[in-house]
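Look over the sequence and the structure first.

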Amino acid sequence: MPARVLNGNEIAADLREEVATGVADLVASGGPTPGLAAVLVGNDPASGVYVRNKGRACEEAGIFSEIFYMPAHVSQANLLSLIDQLNQDTRFHGILVQLPLPGHIDEATVIERVNPVKDVDGLHPISQGRMLQGEPAFLPCTPSGVQQVLLRSGYDPAGQHVVIVGRSNIVGKPLAALLMQRSAGGNATVTVCHTRTRDLPEITRQADILVAAMGVPGAISADMVRDGAVVIDVGINRVDDATRRRGYRLVGDVDYEAVAAKAEAITPVPGGIGPMTIAVLLSNTLEAARRSVDANR
Ligand SMILES: Nc1nc(=O)c2c([nH]1)NC[C@@H]1CN(c3ccc(C(=O)N[C@@H](CCC(=O)O)C(=O)O)cc3)C=[N+]21
């Protein structure tokens, strides 16, 4: 049986609608209009697409957003002073600095400059540390999006063996922390692998839920997947395709057709985890605005 396709566009639209309702309720009760500042350094075309998609999604949910463009050669000092300014600006409850940053800028320094109360990306060490310890925190958008797709599709990770391939700070590591958490949506048994793991297929075949997040197009082949596994593809890779108007197409880290033939369920690319990431960002921005009200009481 071909796999059930987990439609990230639909699930993300549900989540965005919940956020829109929450925004309207907050404003109706005298609260602030949630605001998001997105900082984009340089002109990487893919980053530009994501940032503009975020802007559109914000507008639809009633969230005020502004994109701050900085040239690729901006000095670290100038970028940090923009962040200082956004930290002070009460119109913005959330700040997102699009990664990756140009090589001459230290990402950790920039991420740590964002006031943790505005860290709607969930990437500040304070947010990550709190999450690791099971304390309330802004959850990182992509890992939270993965968890939401699972839960909203009826795949509770509790007691399941989740194998994550990829150990980045933005996806693999925080997703492991989230799914192993002793709380609703967690309680999984998590194995974290990467492209240098010995006998990788041996391990991925043990997964009830397999998450591909290594950023290598088509790297998860059918022989690496157990019959009936749930497969979550976090990868979003551009590969050249002369038959497309844009000259490229998007593919995930999973060899989709072959894996879909044996999986129980699978997320597509595009239309899978990407839109979920944006929906969680909006949800975190709403939460930041709500907390700003509580903090001022
Ligand atoms: N600080 C930071 N936070 C991020 O969350 C972050 C980041 N930096 N840097 C880049 C990655 C990538 N990312 C995506 C979000 C949505 C789609 C998305 O919606 N993609 C559509 C397709 C869009 C298209 O057509 O190009 C889809 O998968 O269906 C993709 C990628 C967020 N990231």
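## Two packed helices

Helices here are DSSP runs of H or I with at least four residues, strands are E runs of at least two, and both are numbered from the N terminus. From α6, the contact uses P143, S144, V146 and Q147, and from α7 it uses P174, L175, L178 and L179 (C-beta atoms, placed from the backbone, within 7 Å).

α7 covers residues 172-180, and its axis lies 8 Å from that of α6, at an angle of about 40°. Axes are lines fitted to C-alpha atoms over the stretch in contact, and angles run from 0 to 180 degrees between N-to-C directions.

## Basis of the model

This is a predicted model, in which local features need pLDDT of at least 70 and side-chain atom pairs count only at pLDDT 80 or more, while totals for chains, interfaces and linings use all residues. Residues are numbered from 1 along each chain as its sequence is written.

## Around the ligand

The ligand is surrounded by 19 residues, with Y50, L99, P270, G274 and T277 the closest (C-beta atom, placed from the backbone, within 6 Å). α10 (273-296) is among the elements that supply at least two residues of this shell, and α10 gives the most, with four.

Domain 1 (30-115) and domain 2 (141-274) both contribute to the shell, so the ligand lies between them. These bounds come from an automatic or database domain assignment.

Note on methods
Two residues are in contact if their C-beta atoms, placed from the backbone, lie within 7 Å.
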